[in-house]
Amino acid sequence: MYSTPDIRELEDFLFLEARLLDEKRWDEWEALFIDDGEYWIPATRGQPDPLHHVSIMYEKSLLRAVRLKRYRHPNAMSLQPEPQSVHLVSNVLLDAFDQDTGTVTAHSKFVVLEHRRETTNTYGGSYTHVLDKAADSYRIRMKKVELVNCDGILESIQIYL
Amino acid sequence: MGYNSEKIAAMIRDDGVHKAVYTDPEIFDLEMEKVWGRAWIFVAHESQVPEAGSFYSTTLARQPVLLVREDEETINLFFNRCAHKGAKVIEQESGKSKVLRCGYHGWSYDMSGRCRHVTGGDEAYRAIGVDKSSACMSLTKVPSVANYRGFIFASLSPDAPDIKTWLGATATSIDNMVDRSPVGRLEVTGGTLRYSHDSNWKFFVENLNDMMHAMIAHQSSAQTARVMGKQLFPDDKNVPSEIQILSPFAENTDFFEEMGVHAFENGHSYSGGKTSIHAGYSGIPEYEESMLNAYGKEKVEEIFSLNRHNTVVYPSFTLKGAIQTIRVVKPISVDQTVIESWTLRLVGAPDEMLQRSILYCNLINSSGNLVGPDDHEAYHRLQHGLGSDAGDWVSMGRHIGAEEPNEEGGLSATGSSDMVFRSQFKAWKAYMTAANGAA
């Protein structure tokens, strides 16, 4: 039996995740996911699943490994110069909690600024983190990024939001 | 600079083009009128308006148009402009309705475009001899519309040529995609991706059959996937689709030379044929069985033996028959282009086929994909590099003179030939210099 998580504890986890992305600490970020952990940016509002509808990104560990290797590749044309980001996470709420497994669903809002070359892009929306309880903290079962303009016309998104 | 036919013709040489074709806003405006205003432009697939009253709102050469199904047989394409004051009648992308009602003053039209309601009555127009039944009170139809095997094209020219003749050999790429359904039917499904490019539309259209860039521009993702695939699946068994889709982009130059390019009248082209980057995908037994039952062994082998990479129906429509995705070109300005990607479900085929197409779109066509940003970056650098004073001409002379006639009435060449670009600009020049009104 797990006890209801404290919002402050969830915030700590989400803020850390955001920081790892901004500081390009990719290996530490990837280590936050469970083995089969999903990262998903749907391309439409209320998209029921990532398999029968296109997504902006839908990646498990294999594709994340490709992308993270690409981040360090000397010939990644579109990452020269590389993008810089700042992730702001706020309005954290506990959406669901399973006392038996300790699994938590956290809802939050985000704003991300991405700067590359002469352009700064702004992204905003909601995060849903499904988190498994780990010994000291949490591990990500799924991170869903619902962009407010998910079905709009988008330029290249090369960072994890 | 006040272009005329002579000046435009001088911008296209046998072995290169003047950079202004990509950078001059005046050329872009002329293209909208003369290329995009005359060619058949892809509008939608008929499955997007499935029932009487279904509508789909899109653009045709930047103009708002509205595709409407009137009944089982009839699909109409109107300019999306109220006959009253000129507001767009339908703003929603798609839906179903009994009437097409303008939200401004309430003028309403039926699915044939006839005006059915004028707020306050049409008697108010008696003095000018007009009532609801007048043509000027109806929605205006786009001059030419054609449906080729479910794919709807339109032309702003009333003298558009016969669609099948105009498509030429690229009609067989559409045929092949349709034939890959055991019941011969496709359905647009799984949403649309809209990807903005800050570059001229022609860079995208050229790049699809540019067989020299993949192993260079996509090295960071494709080579990475390839190496990981070999490490994780050394016996080549159970290789996940993700790896199967990404790896071939890192094939060596010989592979792409072998794929070959094929160019046809009107600027159309395709790459691959007997083989392509889609040829190595593992089979889905249930699907193959459904195809065998539907068509028989000989026909199925013929269908599957056609393995084209990209087909370009110049200037607006590109398709990948083997993976059932299409990309639609929407020019916005001289240096802005939106690329729409759609997925088609093979009706009657197992779900895995759709899932693979969706995965392909995510990996290759979405804004967040692993391959496209490098193409996008290349176009961006082209747009900016050509702004320099280093030279007025863009070279397209590779393997010139080494083309060979093919069985489909076009020309074929080794993969790295610039033949496809030369062929596109030959068509471009013909459109741009044709006398007004000629298609």
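Guide: Count two residues as touching when their C-beta atoms, placed from the backbone, lie within 7 Å of each other. Keep in mind that this is a predicted model.

Visitor: Which residues does I303(B) touch, leaving out those up to four places away in sequence?

Guide: I303(B) touches N176(B), D179(B), R180(B) and Y295(B). I303(B) itself sits in helix α12 of chain B, residues 297-305. Its C-alpha atom is 9.6 Å from that of M291(B), which is 12 residues away along the chain.

Visitor: Let me step back to the whole chain. How many helices and strands does chain B have?

Guide: Chain B has 15 helices and 22 strands. Its radius of gyration is 23 Å, close to the 22 Å that the globule rule gives for 439 residues, so chain B is as compact as a globular protein of that length. The C-alpha trace spans about 80 × 55 × 40 Å along its principal axes. Buried residues account for 48% of the chain. Take the contacts in chain B between residues at least 6 apart in sequence: 66% of them join residues at least 24 apart.

Visitor: What does the domain assignment of chain B give?

Guide: Domain 1 covers 48-147, and domain 2 covers 161-433. The two domain centres, taken over C-alpha atoms, are 35 Å apart. Four residues of domain 1 are in contact with four of domain 2. On the domain 1 side, those residues are one nonpolar, two polar and one charged.

Visitor: Now strands. Which way do β13 and β19 of chain B pair, parallel or antiparallel?

Guide: First, the general idea. In a regular strand, side chains alternate between the two faces of the sheet. Here, β13(B), residues 186-197, pairs with β19(B) in the antiparallel sense over 10 bridges. V188(B) stands opposite L344(B). Strand β18(B), residues 325-333, also pairs antiparallel with β19(B), over eight bridges. There V328(B) faces E340(B). A hairpin of two residues joins β18(B) to β19(B). Eight of the 11 residues of β19(B), 336-346, are buried, so this strand is largely enclosed by the rest of the structure.

Visitor: And what is the strand order in the open sheet of three strands?

Guide: The order is β1-β2-β20 in chain B, with antiparallel pairing. The edge strands, β1 (12-13) and β20 (393-395), each pair on one side only. Strand β2(B), residues 16-18, pairs with β20(B) over three bridges. H18(B) stands opposite W393(B).

Visitor: How do I check a helix by its length?

Guide: The 14 residues of α8(B), 219-232, should span 20 Å; the end C-alpha atoms are 19 Å apart, which agrees. For facing, remember the turn: an α-helix has 3.6 residues a turn, so residues three or four places apart point the same way. Among the buried residues of α8(B) are S221(B), A222(B) and A225(B). The buried residues of α8(B) pack against α3 (61-71) of chain A, and against α7 (214-217) and α9 (241-246) of chain B.

Visitor: How many residues does each chain give to the contact?

Guide: Chain B gives 33 residues and chain A gives 29. On the chain B side, the elements giving two or more residues are β13, α8, α9, β19, α13 (351-364) and α14 (372-385). By class, that side has 14 nonpolar, 15 polar and four charged residues.

Methods:
Residues are numbered from 1 along each chain as its sequence is written. Chains are lettered from A and ligands numbered from 1 in the order in which they are written. This is a predicted model: local features need pLDDT of at least 70, side-chain atom pairs count only at pLDDT 80 or more; totals for chains, interfaces and linings use all residues. Helices (H or I, at least four residues) and strands (E, at least two) are DSSP runs, numbered from the N terminus. The radius of gyration is taken over C-alpha atoms; the globule rule is 2.2 Å times the number of residues to the power 0.38. A residue is buried if 20 or more other C-beta atoms lie within 10 Å of its own, exposed if 12 or fewer, and partly exposed in between; C-beta atoms are placed from the backbone. Two strands pair if DSSP finds at least two bridges between them. The expected span of a helix is 1.5 Å times one less than its number of residues. Domain bounds come from an automatic or database domain assignment. Ala, Val, Leu, Ile, Met, Phe, Trp, Tyr, Cys and Pro count as nonpolar, Asp, Glu, Lys and Arg as charged, and the others, Gly among them, as polar.
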